[in-house]
Amino acid sequence: MEYQEAKNKFISTWGSLGSLWGINKAMAQIQSLLFISTESLSMEEIMEDLKISRGNTSMNLRQLMDWGIVTKTLVPGERKEFFTTEKDVQELARVIAKERSRREIKPVIKVLSEVSSIKDDGSKKTQELIKQTKALHELTETMDLMINKLVDQKQNWITKSVLKLFK
């Protein structure tokens, strides 16, 4: 497989996997292109390489910056904006995990807390709702705390420890 074919296959595959970490295909493709690029890319270079519109590129770059995955970089002598992404895979995973927790898990924990603390009217239906949502709230909160503790640690020892579990 030659470079261009491998590059296209990687970007396409990463784009398809984007939904697993909570972003759309174009966002994942932009991030993957930046991830394998040796230097910062302009919006025009991204548009041309991925064959996507200016609006789509602009919107997705903004969202990637909101996630903390993509940053603007200054290129001396250039008036265009250039973009880059985190190159450390483990740091990238840490940022994504924290952002998914903030955007997705924390709101669910809040709803479960509200629902599980409704007034108990003595009916079996209410008691079952309280019991099950309280258990789910506790589990979700515990899992979120564990994930956040893991991603806040130095990644090298965590990765090595997790890999040892599967050997």
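A salt bridge is a side-chain nitrogen of Lys or Arg within 4 Å of a carboxyl oxygen of Asp or Glu. The structure holds nine salt bridges, one of them between Glu99 and Arg103, whose closest N and O atoms are 2.5 Å apart. This is a predicted model, in which local features need pLDDT of at least 70, side-chain atom pairs count only at pLDDT 80 or more, and totals for chains, interfaces and linings use all residues. Residues are numbered from 1 along each chain as its sequence is written, and side-chain values use heavy atoms, with hydrogens and water left out.

**Helix 5**
- Helix 5 covers residues 89-116; helices are DSSP runs (H or I, at least four residues) numbered from the N terminus.
- Helix 5 bends by about 40 degrees at Ser101, the bend being the angle between axes fitted to the seven residues ending there and the seven starting there.

**Network around Glu99**
- Glu99 also forms a salt bridge with Arg102, with the closest N and O atoms 2.5 Å apart.
- Salt bridges that share partners join Glu99, Arg102 and Arg103 into one network.
- Glu99 is buried at 9% relative accessible area, Arg102 is exposed at 52% and Arg103 is partly exposed at 36% (buried means under 20%, exposed over 50%, partly exposed in between, with a 1.4 Å probe and protein chains only).

**Link between helices 1 and 3**
- Lys7 pairs with Asp49 in a salt bridge, the closest N and O atoms being 2.6 Å apart.
- Lys7 lies in helix 1 and Asp49 in helix 3, so the pair ties together parts that are 42 residues apart in sequence.

How values were computed
Helix = DSSP H or I, 4+ residues; strand = E, 2+ residues; numbered from the N terminus. Expected span 1.5 Å × (residues − 1).
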